[in-house]
Structure formats: structure tokens, C-alpha cells
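Colleague: I want to go through the terms used for this fold. Please set each one against its definition.

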Amino acid sequence: MPVFRITVKCSKLTSGQRVEKGMSVDVVTNSMVNPVISDKRAVAAAFARIYGIDIEKIGALSTAHLDTQRIG
């Protein structure tokens, strides 16, 4: 199962929640495709679990705001 590291490209403050450039989470998927595109729920759950933020509500759950790198 591939492991992807999802990293925030730029800081953003919306709805009283903030993401900072460099914040990252690791996501394990069953797919070889970028999880920001194919499995948004897993990415959002990882940010909620690690940082306690709703990255979808902030509007940063897209390839424009997140960089994806396969690490395993």
C-alpha cells in the first residue's frame, strides 16, 4: 500500500482556522493516485487527527494548496 506525504504549500487563515506552510501528514491508500484527488476524506481526516483542523472548511483541500509526494 502506497504512503503519501501531503504538505501545505502556503499559509492560509479562514473561518478562524489556520494552516501554515510546511504542515504535513502521511496518508496510506490502496490507490497509486494522488490522495488529494482520489481520497479527500482520508487527507481531511489526517489533518483533523494530527492538527485538529478542518482543512476542507478552510478551503485548502486541493492540489493548489497541497503538495503530494509518494514516500513508500
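Modeller: Two strands pair if DSSP finds at least two bridges between them. Strands (E, at least two residues) and helices (H or I, at least four) are DSSP runs, numbered from the N terminus. This is a predicted model: local features need pLDDT of at least 70, side-chain atom pairs count only at pLDDT 80 or more, and totals for chains, interfaces and linings use all residues. Residues are numbered from 1 along each chain as its sequence is written, and side-chain values use heavy atoms, with hydrogens and water left out.

Colleague: What is the bridge partner of T7 in strand 4?

Modeller: S24. Five bridges join strand 1 to strand 4, and the two run antiparallel. The definition asks for at least two bridges, so they count as paired.

Colleague: Why are strand 4 and strand 5 called edge strands?

Modeller: The open sheet has three strands in the order 4-1-5, with antiparallel pairing. Strand 4 and strand 5 (66–70) each pair on one side only.

Colleague: What does helix 2 touch in the sheet?

Modeller: Helix 2 packs on the sheet and touches strand 1, strand 4 and strand 5. Contact means heavy atoms within 4.5 Å.

Colleague: What makes a nonpolar core?

Modeller: Buried Ala, Val, Leu, Ile, Met, Phe, Trp, Tyr and Cys residues, joined through side-chain atoms within 4.5 Å. Buried means under 20% relative accessible area (1.4 Å probe, protein chains only), exposed over 50%, partly exposed in between. The largest core here has 18 residues; I6, V19, V43, F47, I55 and L66 touch the most other members. Helix 2 gives the most to this core, with four residues.

Terms used: Axes are lines fitted to C-alpha atoms, for helices over the stretch in contact, and angles run from 0 to 180 degrees between N-to-C directions.
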